[in-house]
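I opened my notebook to look up charged pairs in a new structure.

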Amino acid sequence: MDTYDPLIPPNPKTWLALDEAERIVMIEDYHEAQDIEIPGADLHAIIHAIIENQVAEGDALPVREKLRQLMAQGIDRHEAIHAIGSVLIKHIAAITQGKTTTDDPNIPYFRALKRLNAKKWLRSG
């Protein structure tokens, strides 16, 4: 695998076999090739990579199913990755601010993902 397109799901085994830095560079290259200018492009690519990693993990995490649900609700795969990424960013912020009160820090993230839908995402701007 030498290119990335968020509209096309990468093969999970191939994706996970790549070095993390390779994944991030491919994501950055995609956005640059599409002339998508993003403030904080490095962080944007990292979040993309994290979501793709979670999707590639399959049913071990609820992320792949949430991606599928969002797409079934009418948003494309790239936009669905952004929607899930927005939940992840809020979750990371809560952890770094000491606002997570559970022993397992993934529980609030998974709960927030459960509440996410395309309508909410599209309303958020």
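Entry 1. Before anything else I wrote down my cut-off: a residue is buried when its relative accessible area is under 20%, exposed when it is over 50%, and partly exposed in between. I also noted that this is a predicted model.

Entry 2. How many salt bridges does a search of the whole structure find? I got 4 salt bridges. As background, I jotted that side chains of opposite charge can pair when their charged atoms come close.

Entry 3. I looked at Glu52 and Arg77, whose side chains meet in a salt bridge with N to O at 2.7 Å. This pair links distant parts of the chain, 25 residues apart: Glu52 sits in helix H3 (residues 41-56) and Arg77 in helix H5 (residues 77-96). Is Arg77 buried or exposed? Its relative accessibility is 4%, so Arg77 counts as buried. Glu52 is buried as well, with a relative accessible area of 2%.

Entry 4. Next I turned to Glu20, which forms a salt bridge with Arg23; their closest N and O atoms are 2.4 Å apart. I found Arg23 buried at 7% relative accessible area, whereas Glu20 is partly exposed at 31%.

Entry 5. Arg64, at 38%, counts as partly exposed.

Key: Residues are numbered from 1 along each chain as its sequence is written. This is a predicted model: local features need pLDDT of at least 70, side-chain atom pairs count only at pLDDT 80 or more; totals for chains, interfaces and linings use all residues. Side-chain values use heavy atoms; hydrogens and water are left out. Buried means under 20% relative accessible area, exposed over 50%, partly exposed in between (1.4 Å probe, protein chains only). Helices (H or I, at least four residues) and strands (E, at least two) are DSSP runs, numbered from the N terminus.
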